[in-house]
Each structure stands twice: as C-alpha cells, then as structure tokens.
Amino acid sequence: MCGVVGVLSPGQQAAPIAALGLFALQHRGQESAGIAVSDGDQLMVYKDLGLVAQVLDERRLPSLRGEMAIAHCRYSTTGSTLWENAQPAFRLGPQRAVAVGHNGNLVNTRHLLELLPGRRGRLAGSTDTELLTALLAQEPGDDLVAALLTLLPRVSGAYALVLMDDAHVIGVRDPNGFRPLCLGRLDAGWVLALETPALDIVGAHYVRDVEPGEMVAIDASGLRSHHFAEPSPKLCLFEFVYFSRPDTNLYGQSVHAARQRMGEELARQAPVHADMVMPVPESGIPAAQGFARASGIPYGDGVVKNRYIGRTFIAPTPETRAAGVRLKLNPIRENIAGKRLVVVDDSIVRGTTQLTLTRMLREAGAAEVHLRVTSPPYRWPCFYGMDTGRRPELLAADLQVGEVREYLGVDSLAYLELDRLVAATGSNAESFCTACLSGEYPVPVPDADTKLALEEETVRAPAAAAPEANVRIEP
Ligand code: 5GP
Ligand code: SF4
Ligand code: MG
C-alpha cells in the first residue's frame with residue numbers, strides 16, 4: 001500500500017494542502033512520509049521515517065514553499081524500511097529534475113533495470129520507484145509528459161503515480177487501474193489523491209477518477225489528459241474489502257455501504273444460531289453491522305482495539321505478530337462470557353489475528369466462536385503492491401476450509417463466496433483483480449522475484465548524488 005497526493009494551487013502554498021490530504025491517507029502507510037514542492041524554479045524534497053504528522057509538522061511546513069506539491073506515505077512492499085526508500089523519489093538527470101510518489105508494485109523490474117545503462121550502484125534506494133525515477137530522469141527531451149508517454153508503455157505492474165517537475169503536477173494510473181486515483185477541484189487549482197477522503201479533508205470537490213491507462217498533467221495553463229494505453233479495469237478487490245477507508249468511494253459506491261452488504265450476504269450464505277455478532281475492529285465493523293442486521297442477532301463489542309499502535313501485520317515473525325495482536329486487541333469479558341459469538345473479520349491471511357483472538361475469546365469464557373470472513377480463502381500471493389507474504393505463509397494456500405477451521409479452533413467457519421462479494425460491491429467480476437483469491441493474475445508475473453532483483457542491484461550502492469545548484473534534498 002501507500003498513499004499519494006498531488007496539488008497545484010495557484011495563489012496558495014501547496015505543501016499544507018498536500019500534507020493535510022496525506023494525513024487522510026495515513027492508514028495506507030506508516031513507515032515514512034515525504035513531500036516534494038516547487039515554486040516553479042527550485043524543486044525540493046523533504047522526507048523521513050515516521051508518521052505524516054511527525055514528518056510534516058507545523059514547524060517544517062512553512063519552509064516548504066511553492067504552488068505545486070506531491071506527497072507520499074509509505075508501506076514497504078519492494079525494498080526495506082530505510083530513509084533511502086522513503087518517497088517522493090527524486091532524480092536530477094541530464095534532462096530534468098523529477099520527483100515521484102508511487103503506490104503499487106512493478107512486475108518487470110529486471111527488464112527495466114536493463115534500460116538503465118551502467119546500472120549497478122546507480123540507484124539510491126532499493127525500490128521499483130527509484131528505478132522508475134532514474135529511467136524518467138534519463139529520457140531525452142525536456143518535456144516530462146513526453147518522457148512519460150515514452151516510458152510508461154514499457155512498464156508493467158501496478159502503479160498509481162503522482163509526479164512533479166518544476167512545471168507540472170502529474171497523475172498516472174496503470175492500464176488496469178489496480179489502485180484508485182481521483183481528481184478534485186479547489187476554488188483555484190487541482191488535487192490528485194489516492195482515496196476520496198483526502199479531497200474532502202482539503203475542501204476539494206470530487207471531479208472524477210483518473211482512468212486506467214490515463215495520465216493527467218496539470219500546469220499553469222490547466223489540465224490535459226493523455227491516454228497512453230488501452231484501459232482494462234482491474235481494481236484490486238481488496239480495496240473494497242480492507243485497504244480503503246470506509247468513507248472512500250470506489251466505482252461510484254460507498255465502501256462502508258459495500259462492506260455492510262458483504263456482512264448481510266455472509267449472514268444469508270452461512271447463517272448460525274448465536275447470541276452476539278462482534279467485529280474484529282476496525283476493519284470488521286461495517287460487515288458485522290450488516291451481519292447483525294440481516295440475521296437479527298444483536299451486535300456487540302467483544303474486544304477493544306488500542307488505537308495508538310500501528311499495524312501488526314508486517315511485523316517480521318509469527319511470534320512478534322501474535323504478541324502484536326495481544327497488544328492491539330483486548331477482550332471485554334462481561335460481553336463474552338457464556339455467549340455464542342459470531343466473529344466477523346474481513347480476511348484471513350496468515351491466520352495470526354484469528355488464532356490469537358480465538359484463544360483470547362475462549363479464555364474470556366466464550367461458549368462458541370463462529371468465524372465469518374467477508375472474503376474467500378486467500379491462497380495466492382499479491383504481486384501488485386500488497387505485502388501479504390509468499391505462498392507458504394498464506395494459511396489457506398494448501399488447506400481446505402475444514403482444515404483452517406480446525407487449525408484456528410473455531411466452532412464454525414465460513415468465507416464469503418466470490419460472486420456474493422463482488423455483488424456486494426455493486427460492480428461486476430470483470431472489473432476486479434481477484435488474483436490472491438482466484439490465482440488468475442491480470443498481468444503476468446515473472447518467475448524471478450522482482451524484490452530480490454532490486455536488492456541485489458542496490459545493496460551496496462553509494463549514497464545518492466550530491467544535491468546540485470537548483471535542487472535541495474534534505475536528509
Ligand atoms: P492475518 O492475521 O490472518 O495474517 O491477517 C488478516 C488480518 O490482518 C485481518 O484482520 C486484516 O484486517 C488485517 N490486514 C492487515 N494488513 C492486511 C493486508 O495487507 N491484506 C489483508 N488481506 N489483510 C490485512
Ligand atoms: Fe488486490 Fe489481491 Fe489483486 Fe493484490 S492480488 S491487487 S491484493 S486483489
Ligand atoms: Mg483486521
């Protein structure tokens with residue numbers, strides 16, 4: 001995951017607007033945050049490890065001047081948690097200075113590396129975004145839009161991009177539109193954002209989605225749209241299930257309402273006699289509401305979530321992940337003891353959350369635990385930007401539903417069927433990527449591990465080139 005924002009705001013500083021928008025996308029990445037600003041002359045990048053509010057605080061923002069900005073918060077997929085991998089990525093090439101914020105994951109990095117002459121040691125960080133930025137900086141000609149139109153057809157994988165030079169703010173969505181990207185209007189100016197709540201929070205009104213295979217280039221003279229590839233929309237189905245905020249709109253639908261419908265569908269598909277429906281907070285809440293509504297079983301809270309700790313999902317070992325779940329969730333004993341519970345969650349990936357939670361509920365005296373999940377078994381790794389681990393780490397990879405039930409120690413288990421899940425989104429199956437559930441990858445993934453390829457190239461790379469005349473990179 002990752003959050004991206006782009007702003008062009010004539011007559012107003014862009015950095016505070018971009019930072020506010022990025023704050024609304026904090027859920028998409030908590031490792032690092034950064035911004036690139038330009039006053040039309042100087043392009044400056046500031047980024048650091050940490051949360052948006054820590055990195056782009058009120059002492060920092062006034063020094064980031066200009067009417068153009070792009071901003072990014074990062075959740076590591078390709079590349080580890082290092083300052084060098086924070087974004088926006090920046091390159092001063094022979095032709096241009098360019099800054100790039102990327103959400104997604106490219107799948108042909110080995111091929112792209114071959115396009116970079118004398119490539120060993122040339123990348124500052126170990127991400128596919130660094131590579132893309134280096135390639136852009138070396139494209140001939142002085143027009144960033146033209147450079148993108150040449151380069152993008154050679155890039156495959158998932159990308160929602162915001163880019164900037166000293167004249168343009170640009171938004172791009174890959175031809176499959178794996179990740180969302182939307183366009184909003186300020187009184188004077190434009191905003192690009194990964195999810196619609198970022199527009200709401202900065203007071204921009206939603207204009208439209210950037211289309212799959214479209215690039216929008218915004219400059220002082222206005223907005224131009226370029227279609228660089230035939231669109232074949234395959235929005236990540238997990239944007240509806242888990243990743244996006246509930247107040248986001250996708251394909252013209254409210255994500256919150258769609259999640260409630262998923263819960264209703266689940267109640268119809270796999271009914272059960274029980275005393276209380278409880279969510280696994282926070283992602284399971286709307287679906288548990290839907291399940292309760294459709295089943296008539298009262299909704300209640302079984303666990304409290306500590307809001308001040310980050311995600312447990314990417315902690316490195318199963319033990320630290322399980323400890324993380326205990327830190328994050330604590331049972332409300334009096335709501336649980338003696339009750340037959342329906343526990344609603346959005347997904348089971350490695351199974352850590354459910355295994356730990358089920359034990360917790362049993363210890364708190366639950367009479368029965370019936371697990372209901374609003375997505376089908378997660379069996380295939382994602383190569384398009386979600387770090388869900390390799391196949392052996394996925395609990396359902398080689399297990400039947402009954403075996404998963406036994407492993408988790410629940411009394412019953414049901415996963416929402418794919419066609420019911422899709423129906424709940426209000427769109428059709430063709431418009432989604434479902435690869436992690438179906439094994440059908442819309443963009444072929446190479447056998448070679450792209451993540452490894454990049455780390456091999458860059459592991460001992462020297463630090464980024466010294467900043468030059470009209471450019472400042474601040475550590
Ligand atoms: P597990 O504990 O089974 O490995 O992960 C599933 C839980 O992690 C769910 O509660 C889900 O809300 C949450 N989660 C966190 N990050 C991700 C992600 O990248 N993908 C999915 N599908 N679930 C995630
Ligand atoms: Fe989304 Fe799964 Fe496709 Fe990855 S593989 S883009 S998580 S639907
Ligand atoms: Mg969850």
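Me: What makes the Asp-345 approach to ligand 1 a polar contact?
Reply: A polar contact is a pair of N or O atoms within 3.5 Å; within protein, one must be able to donate a hydrogen and the other to accept it, and residues adjacent in sequence count only if both atoms are side-chain atoms. A polar side-chain atom of Asp-345 lies 2.8 Å from an oxygen atom of ligand 1, so the pair qualifies. The model is predicted: local features need pLDDT of at least 70, side-chain atom pairs pLDDT 80 or more, while totals for chains, interfaces and linings use all residues. Side-chain values use heavy atoms, without hydrogens and water; residues are numbered from 1 along each chain, with chains lettered from A and ligands numbered from 1 as written.

Me: Which backbone atom makes a polar contact with ligand 1?
Reply: A polar backbone atom of Thr-352, at 3.4 Å from a ligand 1 oxygen. The limit is 3.5 Å, so this pair counts too.

Me: What makes up the shell around ligand 2, by class?
Reply: Nine nonpolar residues, no polar ones and one charged residue. Ala, Val, Leu, Ile, Met, Phe, Trp, Tyr, Cys and Pro count as nonpolar; Asp, Glu, Lys and Arg as charged; the others, Gly among them, as polar. Arg-179 and Cys-433 are among the surrounding residues.

Key:
A residue is near a molecule or strand if one of its heavy atoms lies within 4 Å of it.
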